[in-house]
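Hi everyone, thanks for coming. Today I'd like to walk you through the inside of one protein chain, so please have a look at this.

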Amino acid sequence: KLVLYLKTMVALTALSKNFLIAFWSLFLYAVVGGFSHPILSFGIFTVVTLWLTFLLTIPKNEDMDMLTAFCIHSRGVKCPKGETPVTMSQNCCIYFEDKLDFEAVKALMSKEFYKYKRLSHIGVLKTRSSPLWSTKWKPIEITQEVKDKMILKHTVNDNDELYKLVDELCNQPFAKDLPLWIFHYIENNNGYSMWLWRVSHGIADGIRLVPIAAELLQTIDGKPIGVPTTGALRSTKSMSDKKKIKRVGPKRINWLNPKTYMRLFGDIYKIWYSINGDCDTINVFKPDGKLHGPKTQIHLRNKAPFKIEDIKALKNKYNVSFNDVITALTCSGIRAYILSQDSDYFKKNKKVTMTSMLAFGFPPKEEFHGQSDWLRNGFSLVDWPFPIQIEDFEKRLKIINRNGRQLKTSFVTPLGLAATEFLARLGFDDMVEENTTKMFARHTCVFSNLPSWNHPLYFNGVKVAKLEASY
């Protein structure tokens, strides 16, 4: 009866069936007389536990991960019905100062994109009721018709038309019979021309897509720009070549220290609260299940973009991280906007909470040359508070820096990744989706940034004016 009940509740994977068999065997052994033989019981329990741990270990050649499987099928979050389908799309906008040769662009994109497995395959399930974890990659024939559908050209007459078209294109769903990406070249007769590359999270996360962009963008003399040498993608070689200061690695966990377990249980509570805690004060999603805000995706751009030189100056002055400064400046902009709408807002609201979900994970260590199955999603979403209620910039920055340092030694990311992978591999798709939805609903936004380049970018001699990214 237990097995029949579980079959109706979840789509049982082969792994979850092994779990049921193992624990049912242990239960029968205990009933028959296992408790009267403690040494034998301990031995059997240890063997079964190690076996199940081995089954849960993701092999190095695994070509599917939990986040990818969910995003391929537009699962993971139950959003209120709007006018925009859930696409799980990452949108990369690269602005150029002049027009480009579309045929040259299309030839390069065809050459670079389709050599990657996840950019030339589609994810399929054996049956509709199959667990999402069992999604497999199915190759498609890359014909000229396929290229014409996935690499497109548009024409606009000014920047206003450009921005409007970007909003329209980012609201379109991906074709189910094609790989989950599409490339638009937008030629502007009077303003910036643009590459708009839309890639689903059903392929990879942003940090693992940067090396592909590194093969497309160029130096002034037409050579590939290469992977950024700063941030999570920097290599040991590039650091030694530039004689950078050697960073001290993370301290080893002392499992004999009681404080370690206090921190562990505290982080477990943080994960629980991230899902079940109170909604943020500033939040477009409310517990009534309705969508309070625009029903289509729109892009809001800074009137005055952050200058890298200013960010570096603040970073060095206060001895904090790049991400800390960006977060503090973002808080400044949000606070200024709120006060422009209501100058007494923070006086009338003594407790204002604004929490983003920060994409925090483990950077890839594999090389990205040629075919690689290491295009994947390797991050977890963790709470990243925005202390917008604090007026003083320096105090706000110190709090953000403290939060960042605590996050680097936190158990939240590995625990979150392990729990979601564990549940997905067992087939508890609905449970994962329900709790992810609750987590999204109580937070204000998702906050993320990617490593970039320190020098000018070009394509065939045309200079890149700026880069943007959105979800």
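Let's start with the largest nonpolar core, which has 52 residues. Please keep in mind that this is a predicted model. Inside that core, the residues with the most contacts are Phe96, Phe113, Trp181, Phe183, Trp195, Trp197 and Leu217.

Where does the core come from? Several helices and strands each supply at least two of its residues, including helix H4 (66-72), strand S1 (89-96), strand S5 (181-188), strand S6 (193-200) and strand S11 (462-470). The largest share, five residues, comes from H5, the helix that spans 102-113.

Now pick out Trp197. Which residues does Trp197 touch, leaving aside those up to four places away in sequence? Among them are Gln90, Asn91 and Cys92, and also Phe113, Trp181, Phe183 and Leu209.

My last stop is a pair of helices. Helix H13 covers residues 322-341 and helix H15 covers residues 393-408. Their axes are 9 Å apart, and the two pack at an angle of about 130°. Because of that angle, H13 counts as oblique to H15. The crossing of H13 past H15 is right-handed.

Who makes the contact? From H13, the residues include Asp324, Val325, Leu329 and Arg335; H15 brings Phe393, Arg396, Leu397, Ile400 and Asn401. Sorted by type, the residues in this contact of H13 with H15 are seven nonpolar, three polar and three charged.

That's my tour, and I'm happy to take questions!

How values were computed. Residues are numbered from 1 along each chain as its sequence is written. This is a predicted model: local features need pLDDT of at least 70, side-chain atom pairs count only at pLDDT 80 or more; totals for chains, interfaces and linings use all residues. Side-chain values use heavy atoms; hydrogens and water are left out. A nonpolar core is a set of buried Ala, Val, Leu, Ile, Met, Phe, Trp, Tyr and Cys residues joined through side-chain atoms within 4.5 Å. Buried means under 20% relative accessible area, exposed over 50%, partly exposed in between (1.4 Å probe, protein chains only). Helices (H or I, at least four residues) and strands (E, at least two) are DSSP runs, numbered from the N terminus. Contact means heavy atoms within 4.5 Å. Axes are lines fitted to C-alpha atoms, for helices over the stretch in contact, and angles run from 0 to 180 degrees between N-to-C directions. Angles under 35 degrees count as roughly parallel, over 145 as roughly antiparallel, 65 to 115 as roughly perpendicular and the rest as oblique. A crossing is left-handed if the near helix is turned anticlockwise from the far one by less than a right angle, and right-handed if clockwise. Ala, Val, Leu, Ile, Met, Phe, Trp, Tyr, Cys and Pro count as nonpolar, Asp, Glu, Lys and Arg as charged, and the others, Gly among them, as polar.
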